Amino acid sequence: MQECMRQQEYRSEKSPLRLIMERVEAGVQLMPDWHDDTLMVPNCLVRSALFSCRRRTGQEWTDGEVAGCGREVVIAQGPVLQQYDLLVWLEMLQMARLRAFGEPITITMHRLIRALGLTNSGQRYDSLARRLLRLSETRITVTTTDGRVLGPAPLILLEPASLGQSECPITYRLSPQLQTLFQLNGMTRLSRQVLHALPSGTGSWLYAYIRSHQRPYPVKFASIRAWSGSSLSVSDFKRSLLAELARLKMRHILRDFSLDAGLVTLMPMAFSSEG
C-alpha cells in the first residue's frame, strides 16, 4: 500500500518527490535527508572549538586555525561562536534537507523559535537575530584529509531582512563551497531531544564530541579542554567536565568514563539507548 502511494506521488506532476528525483538525476547535489528527530552536523566541526563551550564571548573575534582533534584543518574568521549558535545552525540545516546548495530557503523567525523549543517574545527574536548575524559573519575554510580546500565560506549566506519580527521572512542559503562536508558518512547524528535538554556549554559540546566517535579511546585532559574552546581555569574545567560526564552517563549516553593520570576515557552507549 505504501509503495503504491509512493508511486502515485512520484507520477503526480506537482509531486515534491518527483521534483527531487529529477534534480538528482540531473546531477544537482542536494542536502541529504534524515529523520525529523535527528540533527546532523559535519564531524570535523563538532570535534573542534568552532562552536565553543564558553558561556560568554562578548565581542571576541577569531582569525586562524581552530583547535580540534580531526585530521581536517578548520580555519575560522569571525565572531567566537557558542554552543547555542550551533543549535540554531543545526535547526537551519534541518530545514535545508533535500534542498540544493545555493538555493534560497525562506522561513520565519517564529518557525525557528518554535523549532528551538522556545516561547515567543521580542527578547527572543532580538537574541536570535544576533545569532543569525554571527553565523553569517563566520567564514570557515576546511582542508580535508585528501588535501582539498573548501571555502572560505560563511556558515550561512543570509540575505538582508528585517530580523527580529515574528513573521518576518528570513532567506538564507548554504554555500556550494562547503557541500563536500555534508555527506552522511562524514556527519555526526545527534538526538534532537537530548541536545535540546542538555545545558548549552560543556555538556552539549561533550555530547556532540562523543557522538562523533564510534569507539572509545583515551584522550588527554588538556586536549579536551583545548578542543572545547573553554575559557575556564584548569581546575574549574575539570569540575565542569566530571559533572557533565556524570550527567551524560545518567542519560545513557555514556556507559562509563574515567579521568586518570591526565587521560580521559569515554565509553559511549549505542545511539538508540539515549534517554
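Colleague: Which side chain meets that of Asp256 in a salt bridge, and at what N to O distance?

Modeller: Please bear in mind that this is a predicted model. Asp256 is partly exposed, with a relative accessibility of 32%, and Lys249 is likewise classed as partly exposed, at 36%. The salt bridge of Asp256 is with Lys249, and the N to O distance is 3.3 Å.

Colleague: Where do Glu244 and Arg247 both lie?

Modeller: Their side chains meet in a salt bridge of 2.9 Å, N to O. Glu244 is buried, at 10% relative accessible area, while Arg247 is partly exposed, at 36%. In an α-helix there are 3.6 residues a turn, so residues three or four places apart point the same way. Glu244 and Arg247 are 3 residues apart, about one turn, and both belong to residues 234-250, helix α10.

Colleague: How many salt bridges does the count give, and which residues are linked in a network?

Modeller: The count comes to 12 salt bridges. The residues linked in a network of such bridges are Asp33, Asp36 and Arg97.

Colleague: How far from Arg247 is Leu198 in space, C-alpha to C-alpha?

Modeller: Leu198 sits in the loop between α7 (192-197) and α8, and its relative accessible area of 7% makes it buried. Leaving aside residues up to four places away in sequence, its contacts are Gly203, Ser204, Tyr207, Arg247, Leu248 and Arg251. Although Leu198 and Arg247 are 49 residues apart in sequence, their C-alpha separation in space is 8.9 Å.

Colleague: How many residues of helix α8 are buried?

Modeller: Helix α8 covers residues 202-211 and is mostly covered. Its buried residues include Gly203, Ser204 and Tyr207, and these three are also among the residues that Leu198 touches. Of the 10 residues in α8, the number buried is 10.

Colleague: Which backbone oxygen lies 2.9 Å from a polar atom of the Ser52 side chain?

Modeller: Ser52 is placed in strand β2, residues 51-52, and is buried, with a relative accessible area of 2%. A polar atom of its side chain lies 3.4 Å from the backbone nitrogen of Arg54. Beyond four places in sequence, Ser52 touches Val80, Leu81, Gln82, Gln83, Ser228 and Gly229. One of these supplies the backbone oxygen at 2.9 Å, namely Leu81.

Colleague: Is Cys53 buried or exposed, and how many disulfides does the count give?

Modeller: Cys53 has a relative accessible area of 6%, which means that it is buried. Cys69, at 24%, counts as partly exposed. A disulfide requires a pair of cysteine sulfur atoms within 2.5 Å. By this rule, the number of disulfides is 0.

How values were computed: Residues numbered from 1 in each chain as written. Predicted model: local features only at pLDDT ≥ 70, side-chain atom pairs only at ≥ 80, totals over all residues. Heavy atoms only, no water. Buried < 20%, exposed > 50% of the residue type's maximum accessible area, 1.4 Å probe, protein only. Helix = DSSP H or I, 4+ residues; strand = E, 2+ residues; numbered from the N terminus. Polar contact = N/O pair within 3.5 Å; in protein donor to acceptor, adjacent residues only side chain to side chain. Contact = heavy atoms within 4.5 Å. Salt bridge = Lys/Arg side-chain N within 4 Å of Asp/Glu carboxyl O.
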